[in-house]
Amino acid sequence: MKLPKLQPMHLIRRAAKPLHHLLGAMLFSFSIPALAGSSLPDFQANISDMLSIRAEAYQFAELHQIIGSSATPKLNRQQSEQLRNIIQRYMSSRARLMPEVERVSPCFSLIAPIRLNIQKPSDTGLPELCTASKGRMWSPSLNPYDAAGKQLIGEIARGLAAALVLMDSYQIAIEPYAQNAELRYLMNYDMQNKVQIDQLIHQYRSADVHSQLLLATDLIDQYFKIQREGGSTPDALEQYLYTLSQSTVWYVNQRKNTWTNPLQVTQFVLEDFNQQKKVALNTLSFGLSFGFGQMVGLVQTRSGKLRQLDKSELAQLESEMKPLDILLEKTPFRLTDKMIPGYYGHMAVWLGSEAELKEIGAWETIPSQWQEQVRKGKRIVEALRSGVTLSTLDHFMNIDDLLVLRDQRPLNPEYLRNAALTAVQQLGKEYDFNFDVMTHERIVCSELAYVVFPDIDWPLAQTLGRYTISPDNVAQLAVGESPVFSPVIMYRDGKREADQLQEKLQALIARN
């Protein structure tokens, strides 16, 4: 298996300075010894706390017209104390997350960063080798498939998630005040903090820090790409951490702009404040705010009611499916489901069996790695937060509700073939946390229908200047006077509905 290349290192090294001269309070600091990580519940609580505080800070700045203004705001004593309290809580929350970053930051020395290598065992002594990276001139090797590599990948993913949340949080919670000279002075000299605001500004704008973030995100992206291409499904913790990183504005903008030079990233954070306000609003609107941190990923309160279907019931259900059927599901026990607009929370496409794909003339064109997965029973194309992958029906059925829609137009074999191959072409792509149907390299779950059936005029919603499509938007084309799709299978609250599927679907999506 061939690994994708990292960003060109000559561009990064050209801008790099010796990191041991950076301030001790920097995001990636070598002068502070690595500390033990918190428990996962504590980590999630710390993330959630930071997200809540940064939302509060931004709302305060907006309420008092601080954003983008050089004028000193007129605050009464109570308001001034409120601001001081917000900033102090921000600094305390940051201090609780910093050890997560400091434990793994040495692995991303700009001179000799750690590398993925599945051809040899992980170098012995990891992560201690990283900790001693100050004078290291060679790159340690990490194999994600051995025990040492797997453990360190998990630690790096956790540290990176914390780092990216902190970078976003600075932009939302601190930058509006740092732009104002008087408030910046007060935050530096009128608050008893070990780390001053000017140090945070230096950190946020540091090309060295940006370079390390690029290296760390590259490594984690490579790991998940290997997982996707190998047909492996990340565990719940891996998906949670990767989702957390991918949901940050920093991650989205790194990948959307494909920056290879850290100075380009630095330029982004120095742009006019209208752009920064747009980024902050974007983050607050799309999830990682108002305590949503505990809701990211696969956090769930129970298993799905359809999880208990026995093998004979699953086999019967699978026999009723046809290639390019659209699957919609609802998981009210997953907290993320509550953040998706409408009734249904996820969508996937049924690819079909080897025999069915041969019948429509698509099988021979499908890459062998995906043929092998289909033969193993993986026949559902779905965009998870870890990327677009093939799943089994058994894995998919950890849900309460299932709706299967079928195109009722007369379709010729060539159309079916092209649609099936288009679905396969999405495999391996990253999840689109920007929720934009116009993007091609990343894809959100309901966008699968948009790309697989390109001739259909799908109902789209415009949010924050971009067009999105939700699972309910897909379901809308199965109701009304001239439906394109027909509901052919429906499970509601764990039980199968026998008749009047269209009427029942209409009622479900109409009240949401």
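The count of salt bridges comes to 19. Keep in mind that this is a predicted model. As a reminder, side chains of opposite charge can pair when their charged atoms come close.

Start with Arg 77 and Glu 81, whose side chains meet in a salt bridge at 3.9 Å, N to O. The cut-off is 4 Å, so a pair at 3.9 Å is counted. As for the surface, Arg 77 counts as exposed, because its relative accessibility of 66% is over 50%. Glu 81 has 37% and counts as partly exposed.

The next pair is Lys 305 with Asp 493. Their closest N and O atoms are 2.6 Å apart, and they form a salt bridge. Which parts of the chain does this pair tie together? Lys 305 lies in the loop between helix H12 (273-285) and helix H13 (311-320), while Asp 493 lies in the loop between strand E12 (485-492) and strand E13 (495-496), so the parts tied together are 188 residues apart in sequence. Lys 305 is partly exposed, with a relative accessible area of 38%. For Asp 493 the relative accessibility is 38%, and that residue counts as partly exposed.

Now Arg 375 and Glu 354. Their side chains meet in a salt bridge with an N to O distance of 3.2 Å. This pair links distant parts of the chain, 21 residues apart: Arg 375 is in helix H15, residues 368-375, and Glu 354 is in helix H14, residues 354-359. Arg 375 counts as partly exposed at 46% relative accessibility.

On to the rings. How many aromatic pairs does a search of the whole structure find? The search finds five. A pair of rings is described by the distance of the centres and the angle of the planes, and I will quote both values for two of the pairs.

Tyr 223 and Phe 224 form an edge-to-face pair, 5.3 Å centre to centre, with 80° between the planes. Are these residues buried or exposed? Tyr 223 counts as buried at 2% relative accessibility, and Phe 224 is buried with a relative accessible area of 3%. The other pair, Trp 458 and Phe 485, is stacked, with 5.6 Å between centres and 25° between the planes. Trp 458 is in the loop between helix H18 (447-452) and strand E10 (461-463), and Phe 485 is in strand E12, so this pair links distant parts of the chain, 27 residues apart. Trp 458 is buried, with a relative accessible area of 7%, and Phe 485 is buried with 0%.

Returning to Tyr 223 and Phe 224, ring pairs link them with Tyr 242 into a cluster.

The charged end of Lys 330 sits over the ring of Tyr 343, at 4.8 Å from the ring centre.

Terms used:
Residues are numbered from 1 along each chain as its sequence is written. This is a predicted model: local features need pLDDT of at least 70, side-chain atom pairs count only at pLDDT 80 or more; totals for chains, interfaces and linings use all residues. Side-chain values use heavy atoms; hydrogens and water are left out. Buried means under 20% relative accessible area, exposed over 50%, partly exposed in between (1.4 Å probe, protein chains only). Helices (H or I, at least four residues) and strands (E, at least two) are DSSP runs, numbered from the N terminus. Rings of Phe, Tyr and Trp (its six-membered ring) pair if their centres lie within 6.5 Å; planes under 30 degrees apart count as stacked, over 60 as edge-to-face and the rest as tilted. A charge sits over a ring if NZ of Lys or CZ of Arg is within 6 Å of the ring centre and within 35 degrees of the ring normal.
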